Amino acid sequence: MLHAIDLVKRYGPVLALDGFSLSVAAGEIVGLVGHNGAGKTTFVEIVSYLIRQDAGHVTIDGRPPSASRGRVGVAPQHIALYPSVTVREHLNLFGKLAGLRRAALDGAIEELTVALRLGSFIDRRTAGLSGGQQRRVQAATALIHRPGLLLLDEPTAGADLETREAMLDVVKQRAGDGAAIVYTTHYLPELVELQATIAVARSGKIIARGTYDELVDGLPGEVRLIHDNEEEVRVSTTQPAATLIDLLGRAERPISTIEVHNPSLDDLYRSLAVSDAP
Amino acid sequence: MLLDTGYRPGPTAALRESLYRIRALAGNNTLIRLRDPGQTISYVVMPMVLMLVLKPLYVRAVEGGTTKVVTGLLVMFSVFAISIAGNAILAERTWKTWDRLRVSRAPAAELLIGKTLPIYVVMIAQQSILLVYGCLVIGLPVPGNVPLVLGSILVWAFTLLAIGALLAAIVRSHGELSVIADVGALTLSSLGGALVPLSLMPEWAQVAAQLSPGYWALKMLQAAVVGDTAGTMLPAAILLGIALVCGVFAIRRLTRGWGRGGLL
Ligand SMILES: Nc1ncnc2c1ncn2[C@@H]1O[C@H](COP(=O)(O)OP(=O)(O)OP(=O)(O)O)[C@@H](O)[C@H]1O
Ligand SMILES: [Mg+2]
């Protein structure tokens with residue numbers, strides 16, 4: 001569905017993208033993570049044809065971004081709504097721009113109102129809404145026409161638990177319907193819940209891509225024991241369970257505390273991304 | 001449910017869809033205008049007050065003073081209305097909504113038409129209201145050739161719209177826009193003879209006046225209200241030329257967008 005190959009984007013001395021390649025299949029959710037300034041938003045902007053790359057290729061269903069207008073749903077990282085216009089009027093506008101009419105439009109609005117819990121403020125102007133409410137409205141305007149490619153740039157930034165769950169449910173459902181989805185976030189557990197393919201960006205490149213298990217497998221976890229409330233033993237290991245059993249078998253004094261730390265996405269992220277961040 | 005895969009409609013269907021999108025855009029922009037009408041109202045009421053106050057002065061100072069006070073202030077405040085157009089377009093940049101529209105199915109031409117159509121209507125309404133007020137209250141002789149007057153208003157409003165769009169495309173903040181629009185408007189329109197009748201101005205100013213769109217607008221409107229069709233045509237052509245140049249540049253700039261840069 002989406003293929004991006006060797007994208008380069010330069011802003012003066014800053015290389016925002018430096019050989020960035022990423023593909024997303026129909027029905028796939030790619031969780032794009034990476035440090036601040038890694039190039040995630042720049043990638044989204046190129047795919048949505050808001051800016052042009054200096055080098056490299058992008059195709060969406062075989063066509064360049066310039067020929068894909070309106071077939072991509074984009075929820076930008078920063079809130080971009082009309083302050084004096086109500087939520088319902090926003091949905092109407094973006095739905096109509098995508099060609100939805102009467103029943104189809106009403107149906108789409110109704111569906112998103114329920115899915116993203118917009119009901120209690122649907123007739124209020126967006127200027128008066130809370131940050132999380134605006135976030136949901138913004139996502140709704142990107143989702144209204146059921147685009148085949150969704151670019152969601154930090155759709156849960158500043159969202160509370162309920163908002164986050166609603167958002168993840170909708171994203172999963174759209175992927176189930178066959179949409180290709182790029183989902184950027186700094187909250188890694190979301191990607192586990194979405195069962196997303198994880199792509200780690202660093203300094204304008206994708207440096208790792210795979211499922212959660214593939215990426216986390218082989219990373220060291222840690223086992224921590226405290227004997228008699230004083231002597232502490234820490235062992236870094238790729239097999240925490242086996243190591244724990246081994247340590248317990250060899251323990252000569254009573255053990256007061258046991259902690260097993262399985263490798264997590266945070267470890268992966270730290271090992272790959274942040275350690276070398278500029 | 002099926003996903004949107006972007007089918008290609010035939011020409012008639014494409015036109016219908018295009019009009020549908022333009023209507024949606026224009027509707028949205030009309031809402032925004034209606035919910036923040038202050039600037040528009042003041043550009044209608046201020047010249048009304050000034051016409052009343054300045055009329056005796058004009059009548060005593062120049063021949064045809066009534067016509068000159070009405071057309072002069074009409075031109076001056078219609079030039080101020082450039083900032084309505086400019087602010088409306090610039091706001092889309094500061095709200096970042098312009099980029100949201102740019103990723104929609106509507107091509108840039110539709111975005112601009114949808115954006116400017118309501119403002120065009122506002123400008124035409126402003127000028128028409130001021131002319132009617134001029135006839136009813138100030139004593140401007142009712143024009144014999146109403147279509148000619150209407151045509152002039154359409155041309156002038158179009159020119160103003162294009163200039164406003166151009167300004168909105170090149171400035172970096174609302175502050176810059178008001179400096180250029182207000183100072184520029186005052187200079188251009190008074191230099192064009194909108195505030196002080198040209199015949200009372202120094203000679204250099206009378207020559208420089210011809211550089212100002214306000215000068216041509218005034219010439220056009222003054223010819224139109226007395227029914228002088230031939231005298232209306234040259235200024236109208238010059239104004240349309242200015243509009244075309246500004247408009248084309250604005251469209252090109254707005255189509256390209258700014259990404260994250262471009263604003264203060
Ligand atoms: N318009 C621009 N002008 C100058 N530099 C830019 C511009 N847009 C992006 N950059 C730079 O490009 C780099 C990548 O930025 P980008 O916004 O893509 O990062 P990101 O991964 O989305 O970060 P974050 O997690 O903070 O959102 C940054 O160093 C940024 O400063
Ligand atoms: Mg970003």
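Visitor: Which element gives the most to the shell around ligand 1?

Guide: Helix H1 of chain A does, with 3 residues. Bear in mind that this is a predicted model.

Visitor: What makes a residue part of that shell?

Guide: One of its heavy atoms must lie within 4 Å of the ligand. For ligand 1, 15 residues surround it. The closest are Gly37(A), Lys40(A), Thr41(A), Thr42(A) and Arg260(B).

Visitor: What makes the approach of Asn36(A) to ligand 1 a polar contact?

Guide: The cut-off is 3.5 Å between N or O atoms. A polar side-chain atom of Asn36(A) is 2.9 Å from an oxygen atom of ligand 1. That distance is within the cut-off, so the pair counts as a polar contact.

Visitor: Which atom of Ala38(A) approaches an oxygen atom of ligand 1?

Guide: A polar backbone atom of Ala38(A), at 3.2 Å. Gln77(A) uses a polar side-chain atom, 2.9 Å from an oxygen atom of the ligand.

Visitor: How much of ligand 1 does the protein cover?

Guide: On its own, ligand 1 has 640 Å² of accessible area, and the protein covers 74% of that. Two elements of chain A give two or more residues to the shell: strand S2 (14–24) and helix H1 (40–47).

Visitor: How do the shell residues divide into nonpolar, polar and charged?

Guide: There are 4 nonpolar, 8 polar and 3 charged residues in the shell around ligand 1.

Visitor: Why is Thr113(A) called buried?

Guide: Buried means under 20% relative accessible area. Thr113(A) has 13%. That is under the cut-off, so Thr113(A) is buried.

Visitor: Where does Thr113(A) lie, and which residues is it in contact with?

Guide: Thr113(A) is in helix H3, residues 102–115 of chain A. Leaving aside neighbours within four places in sequence, it is in contact with Leu118(A), Gly119(A) and Ile122(A). A polar atom of its side chain also lies 2.5 Å from the backbone oxygen of Ile109(A).

Visitor: Why is Tyr49(A) called partly exposed?

Guide: Partly exposed runs between the 20% limit for buried and the 50% limit for exposed. Tyr49(A) has 26% relative accessibility, so it falls in between. This residue lies in the loop between H1 and strand S4 (55–60) of chain A.

Visitor: Why does Asp61(A) count as partly exposed?

Guide: The limits are 20% and 50% again. Asp61(A) has 46% relative accessibility, so it counts as partly exposed. Asp61(A) is in the loop between S4 and S5 of chain A. Its phi is positive too, about 55 degrees, although Asp61(A) is not a glycine.

Visitor: Which residues of strand S5 of chain A point one way, and which the other?

Guide: Val72(A) and Val74(A) point one way. Gly73(A) and Ala75(A) point the other way. All are buried.

Visitor: What makes strand S8 of chain A mostly covered?

Guide: Of its 6 residues, 5 are buried. The strand spans residues 197–202.

Visitor: How many bridges join S8(A) to S3(A), and how many to S9(A)?

Guide: 5 bridges join S8(A) to strand S3 (residues 29–34), and these two run parallel. Thr197(A) in S8(A) is the bridge partner of Val30(A). 5 bridges also join S8(A) to strand S9 (residues 205–210), which run antiparallel. There, Ala199(A) has Arg209(A) as its bridge partner.

Visitor: What do S8(A) and S9(A) form?

Guide: A hairpin, with 2 residues between the strands. Ser203(A) in the turn has a positive phi of about 45 degrees.

Visitor: How many helices and strands does chain A have?

Guide: Chain A has 9 helices and 12 strands. Of its 278 residues, 51% count as buried.

How values were computed
Residues numbered from 1 in each chain as written. Chains lettered and ligands numbered in written order. Predicted model: local features only at pLDDT ≥ 70, side-chain atom pairs only at ≥ 80, totals over all residues. Heavy atoms only, no water. Polar contact = N/O pair within 3.5 Å; in protein donor to acceptor, adjacent residues only side chain to side chain. Areas by Shrake-Rupley, 256 points an atom, 1.4 Å probe, with all protein chains shown as cover. Helix = DSSP H or I, 4+ residues; strand = E, 2+ residues; numbered from the N terminus. Nonpolar A, V, L, I, M, F, W, Y, C, P; charged D, E, K, R; others polar. Buried < 20%, exposed > 50% of the residue type's maximum accessible area, 1.4 Å probe, protein only. Contact = heavy atoms within 4.5 Å. Pairing = 2+ DSSP bridges.
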